[in-house]
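Colleague: I am new to this structure. Please take one part and lead me through it closely, with its surroundings.

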Amino acid sequence: MIKNHGSAAPLQNRPPLIAIALVSASALAYEILLMRLFSIIQWHHFAYMIISIALLGYGASGTFVTIFQEKLLLHFRRNFICLVLLFSVASSSCFLTAQHIQFNAQEVLWDASQLSKLFLIYLLLVLPFFFAASAIAITLLQFRQKCGAIYAADLIGAGCGSVFIIVLLYLVFPASALLIIASLGSTAAGIAIMELQNKSPTFIIAIGLIFLVHFLLPGKFIQPAISPYKGLPQALQIKGTSITEQRSSPLGLISVVESPVIPWRHAPGMSINASIEPPEQLALFSDADSMTVLTKFNGDYGTVAYLDQQTSALAYHLRPIKRALIIGTGGGSGLLQAGFHQVEHIDSVEINPQIIAIGQDNKNFSGSIFDNSKTKVHIAEARGFVSQTTDRFDIIQVELLDSFNASAAGLYALHESYLYTVEALQQYIQTLSPEGYLSISRWVKVPPRDSLKLFATALAALESKGSDTPEKHLILIRGWQASTLLIKNGVINEDEIKALKKFCRERSFDLAYYPGMSEKEANQYNLLKEPYFYQGAQALFSEKADFLQRYKFNLAPATDNRPYFNHFLKASTFPEIIRLRGKGGLPLMEGGYLILLATLVQAVSASIVLILLPLKLQERPTYKGKPTFYFHVFLYFSAIGLGFIFLEIAFIQKFLLFLHHPLFATSVVVSSFLVFAGMGSACTKRLLQRYLPEKILRTVLGLLLIQGVLYIPLFDQLVEILLRHTILVKILVSILLIAPLAFCMGMPFPLALNSLSRSGPALIPWAWGVNGYASVISAVLAMLLAINFGFTAVIITALIFYGIAFYAFSKFSGENLFFPFNPGK
């Protein structure tokens with residue numbers, strides 16, 4: 001048993017709960033902010049590395065406190081305040097240092113130094129979380145009889161922090177938010193001084209200096225250092241280009257770039273025969289990459305005739321279009337294209353209001369394309385809008401807004417997109433008028449990936465819809481850079497085929513598929529070694545299962561359960577990738593997936609070095625005469641760590657469709673999980689006054705398993721029913737769905753700590769570390785499982801982990817949970 005060195009009597013009854021809550025809020029806000037910042041300076045897939053980094057910091061803190069607990073507790077007040085101040089300093093300095101490390105995800109397999117750079121970034125960003133978690137861990141040990149209250153303050157504070165950062169990102173740019181969060185850490189230290197009654201002048205001066213440094217940091221020093229491989233930095237290398245305006249929100253950082261010397265000529269899928277150039281354009285970059293353009297327009301549609309030379313214009317040539325829906329308004333090219341073809345009513349959907357605001361504020365440049373009598377722009381998520389509208393459209397056009405370079409490099413591999421799933425295509429088709437078209441454009445890659453996967457997804461959507469002849473509903477064409485797939489809500493007729501051939505012949509677009517097409521008609525203009533697109537489309541009809549199995553890339557249709565449309569990598573191609581290392585094998589690799597695997601390797605390695613190895617070297621006492629006690633404690637805290645994060649990750653992804661954006665989904669899900677888990681933790685103290693911890697845990701885990709099993713079949717049905725409601729209603733429903741599950745998930749940790757406080761109090765920080773270790777690897781493992789088997793598999797696995805915890809607790813608590821207890825103590 002550890003002695004309580006140097007702790008005054010009042011301290012025993014007054015843990016710094018407000019400071020704990022504020023530190024947890026700052027740490028969670030910092031974690032979400034890092035996801036936002038890395039989406040800007042690198043790419044979206046770094047979000048999972050950030051989750052792993054945060055959890056490693058928490059895990060390493062448990063080991064640190066286990067080894068040095070006597071020294072840390074000897075001067076608890078001083079050490080707690082120091083750790084909180086270190087979090088404040090590290091949260092800003094570590095990121096500002098890490099972002100200047102020149103790391104390129106695409107070179108990881110070819111340049112060994114890139115892995116070292118990634119590992120250095122990883123370790124730097126661990127530090128803030130390590131300091132915050134260490135402060136919480138020593139508090140748990142110092143006030144081990146109040147573990148429930150401390151754990152509740154930790155979780156509730158973290159939950160509030162995840163909401164706070166979303167609000168903050170609407171008010172300030174991410175760089176400014178970084179300094180505000182760092183200052184919150186200093187504020188927490190100030191509150192701790194009051195709560196712990198340690199008014200040392202040194203600490204007060206240190207807090208003042210930290211505030212002053214954060215306030216005086218020059219703006220240029222804190223600006224995001226964007227990877228030179230992203231679109232915006234590359235564009236700024238062009239002579240005369242400059243950023244004229246920037247707008248920021250949780251949805252993205254929008255940069256407006258003009259290029260007066262060398263004009264923009266952005267027209268994806270443009271014909272090699274085109275003789276008409278685009279008018280003057282302004283480029284709009286989202287998070288320094290995905291580019292769209294605002295085109296100069298004076299009301300004369302003749303000036304934008306170049307839009308008729310794109311593959312996406314095909315549907316307008318097959319039959320008259322009276323009503324169109326454009327998904328992904330962007331800079332308005334789709335609106336101009338529909339207007340050029342004299343569409344009478346145009347609806348358009350854009351999730352980011354900043355983009356529309358920029359267009360509306362630049363009417364002198366772009367005219368009134370976003371606001372006129374025949375155009376209506378809706379700020380909404382596409383799936384939500386389609387499920388809600390009662391209108392029917394002659395064409396639904398999904399715009400091509402991805403960056404070509406990032407897409408070609410596989411940097412969208414981990415990007416969840418519910419726009420291109422089987423269920424999404426079914427919804428679009430149901431929203432078409434009879435004989436209407438769904439038009440989707442994608443970048444052309446060789447060997448074919450996007451186009452054929454989209455074709456396979458369309459085929460699956462038509463078959464699921466009950467079509468007996470799906471081959472009669474599809475058309476696929478390609479240019480030198482982009483392809484367009486048409487899905488008709490009806491059978492394609494001879495007149496349409498004639499118009500199709502004329503359209504392609506005049507623009508030198510290649511036919512890839514239409515009903516009754518022969519191979520000799522393919523590969524006529526933009527020549528490939530073989531007519532790969534035609535051959536792939538035919539194989540998907542004639543030998544789909546065999547073709548999907550033997551094809552070098554993953555072309556299995558994306559679904560709402562596995563919404564990774566851009567994930568093409570197959571495990572079977574890894575040996576070939578290794579053989580081609582340095583010999584042109586880059587097209588086979590996906591940068592996003594590679595980062596996920598590298599993160600897993602680094603998470604496991606760092607966790608072993610920082611958590612498990614130090615604990616292994618410690619003396620291991622045998623408690624209660626049971627040699628296996630240590631193992632069952634390890635098993636229990638590992639299982640609940642894995643189970644908690646698996647469920648959290650699965651729910652973030654599940655609610656992404658419901659709440660429309662990764663940051664919204666992360667904020668609502670994480671805050672709901674943490675707040676209600678905190679409430680569950682807070683309730684354990686009262687429950688323990690009436691019941692044995694073993695009986696409480698048996699009931700809680702039973703309820704948790706029942707709820708998890710019920711969510712699997714019911715969730716998708718609820719989403720389908722509620723998708724059409726407002727975002728406020730969806731947030732409230734999300735909270736109500738998560739609350740009972742999270743409430744139960746908050747109890748296993750403090751209940752086990754309560755048991756340990758009696759049987760092995762020295763193991764409390766060690767248990768914290770083991771739980772952190774399991775959480776570190778679980779964030780990445782959950783994503784690998786979701787990518788390959790779907791989110792349902794992640795939820796089922798999480799429930800299995802809780803079942804393992806149920807078994808382990810029965811062992812180290814000395815009781816058998818599988819038989820009833822007498823109530824009471």
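Modeller: Start with Met35, which is buried at a relative accessible area of 8%. Buried means under 20%, exposed over 50%, and partly exposed in between, with a 1.4 Å probe and protein chains only. The model is predicted, so local features need pLDDT of at least 70 and side-chain atom pairs 80 or more, while totals for chains, interfaces and linings use all residues. Residues count from 1 along each chain, and side-chain values use heavy atoms, without hydrogens or water.

Met35 sits in helix H2, residues 17–41. Helices (H or I, at least four residues) and strands (E, at least two) are DSSP runs numbered from the N terminus. From Met35 to Met49 is 14 residues in sequence and 8.9 Å in space, C-alpha to C-alpha.

H2 is one of the elements that give two or more residues to the lining of the second largest cavity. The others are H3 (47–74), H6 (147–171), H23 (629–659), H24 (662–688), H27 (748–759) and H28 (764–789). A cavity is a set of points on a 1 Å grid where a 1.4 Å probe fits but cannot get out; lining residues have an atom within 4 Å of a point. There are 10 cavities of 30 Å³ or more.

H23 provides the largest share, seven residues. By type, the lining of this cavity splits into 24 nonpolar, seven polar and three charged residues. Here Asp, Glu, Lys and Arg are charged; Ala, Val, Leu, Ile, Met, Phe, Trp, Tyr, Cys and Pro are nonpolar; the others, Gly among them, are polar.

Now the cysteines. Cys744 is buried at 6%. Cys160 is partly exposed at 46%.

Last, the sheet. Four strands make an open antiparallel sheet in the order S1-S2-S3-S4. Two strands pair if DSSP finds at least two bridges between them. S1 (242–249) and S4 (291–295) are the edges: each has a single partner strand, so one side of each lacks a neighbour in the sheet. S2 (252–258) and S3 (281–286) are joined by four bridges. Val256 has Leu284 in S3 as its bridge partner.

Note on methods. 1 Å grid on protein atoms, 1.4 Å probe; cavity = no way out; pocket = protein on both sides within 12 Å on 5 of 7 lines; lining within 4 Å. Points joined across faces, edges and corners; volume = space filled by probe spheres on them.
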